[in-house]
Amino acid sequence: MKISDEGIELIKGFEGVALFTYRCRAGVLTIGYGHTSGVTENQVITQDQAESYLKTDLAKFEANVNKYDGKYTWNQNEFDALVSFAYNLGSIDALTANGTRSRSVIADKMLLYNKVGKTEVPGLTTRRKAERALFLKDCKTSTISISETSSSAVKESENYIVGTYKLTANLKVRMGAGTNYKAKSYSQLTKDGKAHATSAGVLKSGTRVTVSKIIKNGSDTWGITPSGYIALHYNNKSYASKC
């Protein structure tokens with residue numbers, strides 16, 4: 001999974017951006033959106049560099065949260081909240097007790113990580129409450145009204161955007177956007193794709209996929225995933241719901 005724009009904005013809002021070196025409350029040299037790796041005294045960066053540092057740093061913390069996805073199957077809101085938590089504190093290993101805690105316990109324990117040493121920091125308290133609220137927020141699915149008319153199908157097709165989707169049916173992964181393209185075999189899928197596919201290479205219903213690009217094909221909508229192209233909306237029917 002990847003953090004959504006909402007999750008990134010949450011992190012940016014609490015971290016703030018600094019284009020020059022400063023020391024955080026823990027005394028660590030920091031720059032950009034809370035970036036600490038390789039920072040030197042009196043360093044000055046551009047906004048573009050700050051964004052680049054953020055993107056690089058996020059990958060590390062996304063990986064940390066994804067490490068526990070096999071146990072919890074995070075929805076997008078949970079994932080975003082935990083990446084923000086990890087970005088601030090380094091990881092979610094202690095928070096999840098290495099994947100042994102329940103979701104409800106994780107949510108409650110979040111609020112305890114609001115101190116530097118033994119001193120409570122109001123800003124951290126506010127951040128933990130915001131992360132917990134996001135963690136507990138329902139991951140709503142798209143409400144799509146299926147219509148037999150082509151004009152309505154085009155309209156509902158426009159509801160699809162880049163992001164994470166949950167498949168509502170078994171789906172073939174194709175070489176391109178359209179049923180005229182050959183379906184991929186199991187061996188052609190990514191490692192993660194194989195973990196959620198049948199031996200014939202068909203992604204199973206309930207699988208979450210990350211769609212990096214939306215392709216319109218008349219009244220149909222296709223999404224590009226790491227494994228290949230899938231039908232999000234085809235022949236007036238929806239095959240995935242947005243998380």
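Predicted model: local features only at pLDDT ≥ 70, side-chain atom pairs only at ≥ 80, totals over all residues.
Residues are numbered from 1 along each chain as its sequence is written, and side-chain values use heavy atoms, with hydrogens and water left out. Local features need pLDDT of at least 70 and side-chain atom pairs count only at pLDDT 80 or more, while totals for chains, interfaces and linings use all residues.

A volume is the space filled by probe spheres set on the points, which are joined across faces, edges and corners. The largest pocket has a volume of about 750 Å³. It is lined by 26 residues, of which E15, C24, G34, Y87 and N88 are the closest to its centre. Two or more lining residues come from each of α1 (5-15), α2 (47-66), α4 (76-89), β3 (115-116) and α7 (122-136); helices (H or I, at least four residues) and strands (E, at least two) are DSSP runs, numbered from the N terminus. The largest share, four residues, belongs to α4.

The second largest pocket holds about 470 Å³. Its lining has 20 residues, and D192, H196, R208, V209 and T210 lie nearest its centre. Strand β8 gives the largest share of this lining, three residues.

Helix α7 has 15 residues and spans 21 Å from its first C-alpha to its last, close to the 21 Å expected at 1.5 Å a residue, where the expected span is 1.5 Å times one less than the number of residues. Its buried residues (under 20% relative accessible area; exposed is over 50%, partly exposed in between; 1.4 Å probe, protein chains only) are L124, T125, R127, R128, E131, L134 and F135.

A salt bridge is a side-chain nitrogen of Lys or Arg within 4 Å of a carboxyl oxygen of Asp or Glu, and the count comes to 11. Within α7, E131 pairs with R128 at 2.8 Å; the two lie three residues apart, about one turn of the helix. Both E131 and R128 are buried, at 0% relative accessibility. A network of salt bridges links E15, R127, R128 and E131.

K12 and E51 also form a salt bridge (3.1 Å, N to O). K12 lies in helix α1 and E51 in helix α2, so this pair ties together parts that are 39 residues apart in sequence. K12 is buried, at 18%, whereas E51 is partly exposed, at 29%.

Terms used
1 Å grid on protein atoms, 1.4 Å probe; cavity = no way out; pocket = protein on both sides within 12 Å on 5 of 7 lines; lining within 4 Å.
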